[in-house]
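Visitor: Hi! I'm new to reading protein structures. Could you walk me through this one?

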Amino acid sequence: MGKPKYQDILDRLVGIGLLLASEKNLHKLLEKIVEEEMNFTNAEGGSLYIRRGKYLIFMVFRNRILENKLPRDTILKRIKKSKFEINEKSIAGACVKRGEIISIRDMSRVEELGFSYDRSIDRELGYETKSLLAIPLKSPEGEIIGVLQLINLPQESFTEEGLRLVRATAAQAAISLSNGLLLDELKKAQLDTIYRLAKVAEFKDRETGDHIKRMSRVSMYIAETLKHDPDFSELILYASPMHDIGKVAIPDHILLKPAKLTEEEFEIMKTHTTIGGEILENADTELLKVARVIALYHHEKFDGTGYPEGLKGENIPTEARIVAVADVFDALVSKRPYKAPWPPDEALKYIVSQKGKHFDPEVVKAFVDSYEKIIDLYEHSDIRS
Ligand SMILES: [Fe+2]
Ligand SMILES: [Fe+2]
């Protein structure tokens, strides 16, 4: 890393702090932590583990030399060890146990230091791990929440000054990580609540099986195929289960009627969209805002013949146009009291036939393009939320 001036170092430290603090997505945050630490120390590679009780969970692996040589997937497939117990045998485990940096200038002597080290990965990937730093990441409360490993670093990283800098940047990273983990937990709790709320409507409707799980997944696939950014696709995944939340207010004799609804009954049925919109109104979170739009507009049709507002084409919000396809497809292939399940290919044909009528042609195209993935999902229907 040369000999950066004090001011430079300070600027970079603050920079890292700000950069990491601005990342809301946990996985991206972890990637950034590793990348920034690699940049800061000029390390060739880095990995990050999160602590969960007695275990360390592998989260991120980066290596600029290997990434130039091999596709990332090949590397990840080989190195992915999801979880291992914390003990003094592994370097990362010892780092947690001792609560301090473990620095190994010469990895050829790693066994002499009492660690077992798996060299098969290096061999297979044609790489040599020569030096290593394992840095404990401590929460502001002093608890070790993760381990950052950097490999093949310049010699000056192992000097007292070098280690001091590594410690300082790791402290920044640890604060962001601690916040990131808390935020992630909150997000999970929020999603769990939302899912349960969505289930209330599903139960009342006696929808069979895992309608909301499947249609939300399919909605996400479509969004991904349409090249929406991953955050938006994830929002759709979590917001779409609430599309029929308004059904909680529809009387059972209408909702559960096994025969065709009268015109009057259908008018009442339609209000599940506006009621859903009202339930989700005035929310502050992005998630509930998207959920409201979906609840309100998932029965609009591209040609303007849908409800509640008869919106047409692009005037229907994108997220609602996406969910409409996923919702109808799942309803068609599911068994209902009034109908047998359609074979998936028949349902696909129907969706395609409704291009430009019920559905947005672009969304239909994305649905067709993701069809293989969708079928795979239906064949493995024990999908988890
Ligand atoms: Fe609906
Ligand atoms: Fe539905």
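This is a predicted model: local features need pLDDT of at least 70, side-chain atom pairs count only at pLDDT 80 or more; totals for chains, interfaces and linings use all residues.

Visitor: Okay, and which way does strand 5 run relative to strand 4?
Guide: Strand 4 (residues 102-104) and strand 5 run antiparallel, joined by three bridges. One pairing you can look for is I102 with A134 in strand 5.

Visitor: What about the other partner, strand 6? How many bridges join it to strand 5?
Guide: Seven bridges, and strand 5 and strand 6 (residues 144-151) also run antiparallel. Find P136 and you'll see V147 of strand 6 opposite.

Visitor: What happens in the hairpin between those two strands?
Guide: Five residues sit between strand 5 and strand 6 there, and G142 takes a positive phi near 90 degrees.

Visitor: Changing topic: how is the whole protein divided?
Guide: Into domain 1, covering 6-182, and domain 2, covering 206-379. The C-alpha centres of domain 1 and domain 2 are 43 Å apart.

Visitor: Where do I find the largest nonpolar core, and how many residues has it?
Guide: That core has 41 residues, and I222, I294 and V325 have the most contacts inside it. Helix 7 (160-205), helix 8 (211-225), helix 9 (230-239), helix 12, helix 13 (318-333), helix 14 (344-353) and helix 15 (361-369) each give two or more residues to this core. As background, nonpolar side chains tend to be buried together in soluble globular proteins.

Visitor: Which residues does I222 touch, leaving aside its neighbours within four places in sequence?
Guide: I222 is in contact with I322, V325, A326, V363, A366, F367 and S370.

Visitor: And what does the second core include?
Guide: The second core is separate, has 37 residues, and includes V34, C95, L137 and A173.

Visitor: Back to helix 13. Which elements do its buried residues pack against?
Guide: Helix 8, helix 9, helix 12, helix 14 and helix 15. The buried residues of helix 13 include I322, V325, A326 and F329.

Visitor: What length should helix 13 have?
Guide: At 1.5 Å a residue, its 16 residues should span 22 Å, and the end C-alpha atoms of helix 13 are 24 Å apart, which agrees.

Visitor: And helix 11, where does that one bend?
Guide: At T273, by about 30 degrees. T273 is also one of the buried residues of helix 11, along with H272, G276 and G277. These buried residues pack against helix 12 (286-297).

Visitor: What about I254, where is that?
Guide: I254 lies in helix 10 (residues 252-255). I254 counts as partly exposed because it has 17 C-beta neighbours inside 10 Å. Setting aside neighbours within four places in sequence, its contacts are L261, E265, I268 and M269.

Visitor: Last one: how far apart are I9 and L165 in sequence and in space?
Guide: They are 156 residues apart in sequence and 8.4 Å apart in space, C-alpha to C-alpha. You'll find I9 in helix 1 (residues 6-21).

Technical notes:
Residues are numbered from 1 along each chain as its sequence is written. Chains are lettered from A and ligands numbered from 1 in the order in which they are written. The bend at a residue is the angle between axes fitted to the seven residues ending there and the seven starting there. Helices (H or I, at least four residues) and strands (E, at least two) are DSSP runs, numbered from the N terminus. A residue is buried if 20 or more other C-beta atoms lie within 10 Å of its own, exposed if 12 or fewer, and partly exposed in between; C-beta atoms are placed from the backbone. Two residues are in contact if their C-beta atoms, placed from the backbone, lie within 7 Å. A nonpolar core is a set of buried Ala, Val, Leu, Ile, Met, Phe, Trp, Tyr and Cys residues joined through C-beta atoms within 7 Å. The expected span of a helix is 1.5 Å times one less than its number of residues. Domain bounds come from an automatic or database domain assignment. Two strands pair if DSSP finds at least two bridges between them.
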